[in-house]
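Here is a short report on one structure. Take a look at the sequence and the model before reading on.

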Amino acid sequence: MLDIDTSKIAQVILYAREMERAEPELRGFIDNLNEDEQVSLVAVMWIGRDAFDADDLEEAKATARHEATTPTADYLIGTPHVADHLESGLDALGISSADALEDLL
């Protein structure tokens, strides 16, 4: 179970797509998430880049919590294709990334 609302993940995706223009907003948005939300966000990204299977969400969250050595915003902003990985992660978890994004637009 995710500890972050899908609309927040969709907001991160939108900011990440406009990284050059929206990096300060993305950083601020991620920094304002609580720890559980940040952990879930990283886990979804890892699932989207095939580091974990969707069935291993809890393991991905535990690993994200345990291995957090840098601020989450720095880690995600430094990850190439983070928006694509988040979309893929949502889809792998059976959550329509298209619907989540559409709800924000």
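A residue counts as buried under 20% relative accessible area, as exposed over 50%, and as partly exposed in between. At 28% relative accessibility, E23 is therefore partly exposed. This is a predicted model.

**Salt bridges**

The salt bridges number nine. The table lists three of them.

| Pair | N to O distance |
|---|---|
| E87 and R17 | 2.6 Å |
| R65 and D36 | 2.8 Å |
| E23 and R27 | 3.1 Å |

E87 and R17 meet in a salt bridge. E87 belongs to helix α6 and R17 to helix α1, so this pair ties together parts 70 residues apart in sequence. E87 is buried, at 16%, whereas R17 is partly exposed, at 44%.

R65 and D36 form another bridge. R65 sits in helix α4 and D36 in helix α3, so the parts they tie together are 29 residues apart in sequence.

E23 and R27 stay within helix α2, four residues apart, or about one helical turn. R27 is partly exposed, at 26%. D3, E58 and K61 form a network of salt bridges.

**The core**

The largest nonpolar core has 31 residues; I9, I13, I30, L41, L76 and L86 touch the most other members. Helices α1 to α7 each supply at least two residues. Helix α3 gives the most, with eight. Beyond its neighbours within four places in sequence, L86 contacts residues including I9, I13 and L41.

**H85**

H85 lies in helix α6. At 18% relative accessibility, H85 is buried. A polar atom of its side chain lies 3.5 Å from the backbone oxygen of P80.

Technical notes. Residues numbered from 1 in each chain as written. Predicted model: local features only at pLDDT ≥ 70, side-chain atom pairs only at ≥ 80, totals over all residues. Heavy atoms only, no water. Core = buried A, V, L, I, M, F, W, Y, C linked by side-chain atoms within 4.5 Å. Buried < 20%, exposed > 50% of the residue type's maximum accessible area, 1.4 Å probe, protein only. Contact = heavy atoms within 4.5 Å. Polar contact = N/O pair within 3.5 Å; in protein donor to acceptor, adjacent residues only side chain to side chain. Salt bridge = Lys/Arg side-chain N within 4 Å of Asp/Glu carboxyl O.
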